There are 2 protein chains.
Amino acid sequence: MQITIDPIGHVRSTRAEVRDDDWDREVASIELDTTTFGPDALLGLQQFSHVEVLYCFDQVPESKIERGARRPRGNPDWPLVGIFAQRGKNRPNRLGATIAKIVRVEGTTLHVSGLDAVDGTPVVDLKPYMDEFGPRGAVTQPTWATELMHGYWDTSA
Amino acid sequence: MQITIDPIGHVRSTRAEVRDDDWDREVASIELDTTTFGPDALLGLQQFSHVEVLYCFDQVPESKIERGARRPRGNPDWPLVGIFAQRGKNRPNRLGATIAKIVRVEGTTLHVSGLDAVDGTPVVDLKPYMDEFGPRGAVTQPTWATELMHGYWDTSA
């Protein structure tokens, strides 16, 4: 069974080219598709501090999709890891999910900070972040993940 | 432009019927589609404490999808809220996203706890939860969201 999805809007970002790191320097917003949605679809979103953005890595060609294991970013210092144990873009269904900070809502445009998607990226859902949907209990992760994330948001940090 | 998605597997859960609350009492796992994936797709996932599960609310009929604003759960005590400012299932593209706790990986089966999806739900992605992908800065949310979530995981809490 296949599932068909219609983008609900698109990312507008100061970053047009695909690069791995340093996302916090970009300014981004999400423009809803105004043929389907009006401002009422975003009503009350401003009362939340954060939004979960689901989007599609639409620039990844089918031939690059990994279905088994690989070293994250091809880095020989990191272990072989299954595609569902990493968040890289070359994945089945090409879906990305990021919790961004809400800056402001303006009509059918949602201004955010901390969104790791390039200009033109199709957005497939927006969900308000609720504390109760965060991880429950202690969070642990392997060393390679912490190393990979080191410059992801801010390389000067 | 439409996006086509193939489920990567399905949820197995002790809950078969759709209900809103009290999800923590259920036992759940995700079985990968073994015609496409082997155990290597989950390699190393056990080194993380939590996994983000993206899935499809496939039992929601097209006619029930909300594209504007409504009161969450139809509750007259709560305000009119845009569909992208709530996490209800009757939403465009019918996608769900939940951070569950990893219990163990067993071949192509991932055992989890705290998954709010019924038996048979198609799963469209799995991503390891990394601290750096959590909300950054203080989290705030409106009162109605906190009230709605009160019994979501555990009605006796």
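## Ground rules

Residues are numbered from 1 along each chain as its sequence is written, and chains are lettered from A and ligands numbered from 1 in the order in which they are written. Since the model is predicted, local features need pLDDT of at least 70 and side-chain atom pairs count only at pLDDT 80 or more, while totals for chains, interfaces and linings use all residues.

## Chain A at a glance

Chain A has nine strands and one helix (DSSP runs numbered from the N terminus: E of at least two residues for strands, H or I of at least four for helices). Reading from the N terminus, the order is β-β-β-β-β-β-β-β-β-α. The C-alpha trace spans about 50 × 35 × 30 Å along its principal axes.

Of the 157 residues in chain A, 41% are buried. Buried here means 20 or more other C-beta atoms within 10 Å of a residue's own; exposed means 12 or fewer, partly exposed is in between, and C-beta atoms are placed from the backbone. Among contacts in chain A with a separation of 6 or more, 74% link residues 24 or more positions apart (a contact is two C-beta atoms, placed from the backbone, within 7 Å).

Six strands of chain A close into a barrel, in the order S2-S3-S8-S7-S4-S9, with antiparallel pairing (strands pair if DSSP finds at least two bridges between them). Neighbouring strands in this sheet are turned by 45 degrees on average, direction ignored (axes are lines fitted to C-alpha atoms, for helices over the stretch in contact, and angles run from 0 to 180 degrees between N-to-C directions). One of the pairings is S2(A), residues 9-13, with S9(A), over two bridges; there A:His10 has A:Pro122 as its bridge partner.

## Around the barrel in chain B

Chain B also has six strands closing into an antiparallel barrel, in the order S2-S3-S8-S7-S4-S9. Start at S2(B), residues 9-13, which pairs with S3(B), residues 28-32, over five bridges. B:His10 sits opposite B:Glu31 there. On the S8 side, S3(B) and S8(B) are joined by four bridges, with B:Glu31 opposite B:Thr109.

S8(B) pairs with S7(B), residues 95-106, over five bridges, and B:Leu110 is the bridge partner of B:Val105. The hairpin of S7(B) and S8(B) has two residues between the strands, and B:Gly107 in it takes a positive phi near 65 degrees.

## The enclosed strand

Next comes S4(B), residues 50-56: seven of its seven residues are buried, so this strand is largely enclosed by the rest of the structure. B:His50, B:Glu52, B:Leu54 and B:Cys56 point one way, B:Val51, B:Val53 and B:Tyr55 the other, and all are buried.

S4(B) runs antiparallel to S7(B), with seven bridges, and B:Leu54 has B:Ala97 as its bridge partner. Five bridges join S4(B) to S9(B), residues 122-128, where B:Val53 partners B:Leu126.

## Where the chains meet

The contact takes 69 residues from each of chain A and chain B. S9(A) contributes the most to chain A's side, with six residues. By class, that side has 39 nonpolar, 18 polar and twelve charged residues (Ala, Val, Leu, Ile, Met, Phe, Trp, Tyr, Cys and Pro count as nonpolar, Asp, Glu, Lys and Arg as charged, and the others, Gly among them, as polar). The chains also pair strand to strand: S1(A) and S1(B) run antiparallel over three bridges, with A:Thr4 opposite B:Thr4.

The largest nonpolar core has 84 residues, and those with the most contacts inside it are A:Leu45, A:Val51, A:Val53, B:Leu45, B:Val51 and B:Val53 (such a core is a set of buried Ala, Val, Leu, Ile, Met, Phe, Trp, Tyr and Cys residues joined through C-beta atoms within 7 Å). Leaving aside neighbours within four places in sequence, A:Leu45 is in contact with residues including A:Val51, A:Ile102, B:Phe84 and B:Ala85.
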